[in-house]
Amino acid sequence: MTELLTSELMRAVELVAIQSGQVTGLELMERAGQGVVDAVLEEWPDLGQGEHRAVVLCGPGNNGGDGFVVARLLKERGWQVEVFLYGNPDKLPPDAKTNFERWGAAVRPLDAYALGESWGCDLLVDALFGIGLTRGLQPLGELFWNMEDMVDCHPVEVGHPRGRPAIVAIDVPSGICADSGRSFPHAEEHRRFAASAHLTVTFHTAKPGHYLDEGPSACGKLVVKDIGLVTPKDNDWRAQRQETCTLFGPVDPSLLRKDVKHHKYGHGHALIMSGPPGKGGAARLAARAALRVGAGLVTVGCPMRAVSEHAVHLNAIMVQGLDGTHGLAELLEDSRFSALCLGPGMGLGPSTGELVKTALASGRGIVLDADALSRFQRTPQALFDLLHESCVLTPHGGEFARLFPDLSERLTTAPDIGPAYSKVDATREAAARAGCVVVFKGADTVIAAPDGRCSISAAVYERAAPWLATAGSGDVLAGIICGLMARGLPAMNAAETGTWLHVEAARAFGPGLIAEDLPETLPRVFRDLGL
Ligand SMILES: NC(=O)C1=CN([C@@H]2O[C@H](COP(=O)(O)OP(=O)(O)OC[C@H]3O[C@@H](n4cnc5c(N)ncnc54)[C@H](OP(=O)(O)O)[C@@H]3O)[C@@H](O)[C@H]2O)[C@@H](O)CC1
Ligand SMILES: [K+]
């Protein structure tokens with residue numbers, strides 16, 4: 001588990017170190033620049049031999065200061081280095097100014113580079129803006145557009161006469177908000193709003209924006225370099241500041257091990273509610289996932305007329321026909337049902353809403369997904385009033401917007417000042433409002449509990465799982481989380497662990513994945529975890 005620091009917290013950590021006298025800002029800047037050079041040479045060993053050409057684009061703040069350090073260090077290695085500045089050198093902050101002076105060679109205005117027709121280098125360094133970005137960068141739209149083209153269309157080629165540079169972003173690609181991963185749109189919509197890079201080198205710890213929204217695609221690859229900072233552990237320091245979030249993973253295998261002393265009921269009984277005939281596939285996917293993740297028993301509860309359809313498909317999973325809320329309430333008199341899942345394939349009719357209310361009244365662990373969420377589009381507060389802390393909501397973007405339209409609007413309206421409202425902010429607010437765990441799905445899934453705990457479970461970088469965007473994949477996730485809750489995991493643990501396993505199963509299976517494959521790949525994931 002890695003703690004992710006927002007820009008405000010990162011500044012606070014830096015301040016503590018400087019005020020304690022352990023380090024100066026100038027030393028931190030030197031370590032940051034050295035970290036970038038080290039990361040570049042680790043990523044492209046060819047650049048470690050001989051003399052190469054670098055272009056360093058510096059901005060008006062300390063990110064630019066890091067750029068001047070990189071320029072100097074590369075020059076000391078014998079490289080040809082050209083430096084361009086976006087801003088007024090007289091207005092640089094003190095540490096950046098010192099490094100501007102230490103550089104001591106020519107610095108030209110950025111326009112002189114941006115208007116050139118050739119990339120003219122082997123390494124392009126984006127030191128324009130870091131965690132201090134506060135608004136859009138309209139004048140740089142064309143440069144960013146060209147950078148994206150370079151990253152997407154041209155492989156890095158050391159020594160190319162016109163330049164096919166490796167592009168490295170210092171701290172965060174310029175234009176990306178470090179807290180949210182969002183960019184700040186400007187009037188020139190046909191241009192890009194943020195830089196693109198092959199490699200992004202950040203310091204001390206990653207920031208939420210490296211994992212959210214546009215962040216990962218802009219960063220390319222992410223490397224975190226230690227610059228000798230320590231995040232204070234004491235509660236007083238933390239109590240005065242905003243809450244952090246973590247990057248979840250890997251899972252703790254001890255949460256998933258089965259106790260040999262338990263019989264099947266000791267591992268819980270999951271009840272997955274299904275919709276009418278012809279709509280039962282989603283519930284069967286969720287049920288299979290709940291069973292594979294280790295629930296001792298799984299039952300699909302369905303309208304009487306859907307029993308025969310389920311019966312021809314299911315073996316180890318039981319089928320229970322039941323009539324409406326009365327039938328569900330009666331079934332739940334059996335206290336061995338330890339967790340429920342409602343939503344996948346249930347339909348948007350009134351019966352779904354009534355079944356959800358009956359299920360919630362039972363106080364059991366409950367996962368609500370898909371139609372069980374959308375059904376409450378017009379009356380979200382009626383749902384929130386019934387939710388409790390053993391509930392997990394698993395909305396995708398559309399479902400989130402139905403339940404939390406105001407939060408969704410803040411998240412989708414173009415921000416004009418930074419830091420931009422983030423998916424972490426939105427999910428945290430949603431969990432507090434709903435009074436339960438919210439899993440806001442996407443490649444940048446965010447999971448939050450009502451007490452403020454929050455983690456990002458991102459399927460990006462080395463954990464990218466593009467084949468997971470397939471029909472039924474969400475139903476499987478709901479089933480995995482329900483199965484884990486049936487086994488006794490608290491809602492937040494079940495949500496985080498389930499989301500991580502879901503991505504891991506997709507990665508283990510690889511290309512060609514369909515939803516049915518996910519539960520079947522869980523045994524392999526468990527073996528790899530040493531269970
Ligand atoms: N913290 C640490 O521990 C360490 C930090 N380090 C490095 O420092 C970086 C943070 O430096 P920073 O705070 O000076 O911010 P940075 O991103 O350089 O730019 C801010 C400047 O830009 C301006 N500005 C903003 N938006 C603008 C716009 N759209 N268009 C035009 N101007 C705009 C803004 O001025 P404003 O007008 O908003 O007052 C301000 O002048 C960090 O990312 C890392 O690289 C490392 O050296 C080591 C340890
Ligand atoms: K940058």
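Visitor: Is G345 buried or exposed?
Guide: G345 is buried, because 25 other C-beta atoms lie within 10 Å. Buried means 20 or more such atoms within 10 Å of its own, with C-beta atoms placed from the backbone. This is a predicted model, in which local features need pLDDT of at least 70, side-chain atom pairs count only at pLDDT 80 or more, and totals for chains, interfaces and linings use all residues. Residues are numbered from 1 along each chain as its sequence is written, and chains are lettered from A and ligands numbered from 1 in the order in which they are written.

Visitor: Where is G345 found, and what does it touch?
Guide: G345 sits in the loop between β13 (337-342) and α12 (350-361); helices (H or I, at least four residues) and strands (E, at least two) are DSSP runs, numbered from the N terminus. Not counting residues up to four places away in sequence, G345 touches S274, G275, K279, G280, G281, A282 and A283. Contact means C-beta atoms, placed from the backbone, within 7 Å.

Visitor: Which residues does the UniProt "binding site" annotation cover?
Guide: The unreviewed entry lists N62, N63, G64, G65, D66, D171, A282, G345, H396 and D475. They are spread in space, up to 55.3 Å between C-alpha atoms. UniProt positions follow the numbering used here, feature names are shortened, and annotations may be inferred rather than shown by experiment.

Visitor: And where is D66?
Guide: D66 is in helix α3 (residues 62-76). D66 is buried too, with 32 other C-beta atoms within 10 Å.

Visitor: Which domains are assigned?
Guide: Domain 1 (2-230) and domain 2 (253-526), with bounds from an automatic or database domain assignment. Their contact takes 19 residues from domain 1 and 16 residues from domain 2.

Technical notes. Two residues are in contact if their C-beta atoms, placed from the backbone, lie within 7 Å. A residue is buried if 20 or more other C-beta atoms lie within 10 Å of its own, exposed if 12 or fewer, and partly exposed in between; C-beta atoms are placed from the backbone.
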